[in-house]
Amino acid sequence: MSTIIKQLKYRKSSHIIQSLTPIINYTPDLLHNFDYLIPIPLHPKRQNDRGFNQSELLAHLFSQHLHTPINTQILIRTRATPPQADIHDRATRLNNLKHVFSLNPNINKNILKNKNILLIDDVSTTGATLVQATQVLKRAHTKTIWGLVLTR
């Protein structure tokens, strides 16, 4: 899994995502009851540099399997941050992502009211990314928010 993630993120090998299909096909049934899949957004500069958002690619695979729509317009990353993988101190990692996500001001915030959301990301080490994204989504009165990552 580590090799796949590194190739995906740092060698810009978006095609490797398809190799995860057999794993995704074993997704537990309890993940079939969500209104939206929301991939963790990248800052636009990082996404332009990489050419894709790996969490969005994962969300597309899960969407096909779970028959759940993806919404990439709800959550936005408001500022660029150093990559979490470059930060080894837990406290610094947690602070790196504070106030980095917000709701897209161009969406109707009622779209999330009483909805069940599944956040998708590739890796979770401290959980800071999921915690920060969840805090933003909770303020929109979502019903439940779950996080799904490929690996820790």
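In strand 5, Val149 is the bridge partner of Asp121. Strands here are DSSP runs of E with at least two residues, helices are runs of H or I with at least four, and both are numbered from the N terminus. The model is predicted, so that local features need pLDDT of at least 70 and side-chain atom pairs count only at pLDDT 80 or more, while totals for chains, interfaces and linings use all residues. Residues are numbered from 1 along each chain as its sequence is written, and side-chain values use heavy atoms, without hydrogens and water.

Strand 4 and strand 5 run parallel and are joined by seven bridges; two strands are taken as paired if DSSP finds at least two bridges between them. Strand 4 (residues 116-123) also pairs with strand 1 in the parallel sense, over four bridges. Within this pairing, Tyr36 has Ile117 of strand 4 as its bridge partner.

The three strands form an open, parallel sheet in the order 1-4-5. Strand 1 (36-39) and strand 5 (144-151) each have a single partner strand and stand at the edges, so one side of each lacks a neighbour in the sheet. On average, neighbouring strands are turned by 25° against each other, direction ignored.

Helix 4 (residues 54-66) lies across strand 1, strand 4 and strand 5, at about 130° to strand 4. Axes are lines fitted to C-alpha atoms, for helices over the stretch in contact, and angles between N-to-C directions run from 0 to 180 degrees. Helix 6 (residues 128-138) packs on the sheet and touches strand 1, strand 4 and strand 5, contact meaning heavy atoms within 4.5 Å. The direction of helix 6 makes about 160° with that of strand 4.
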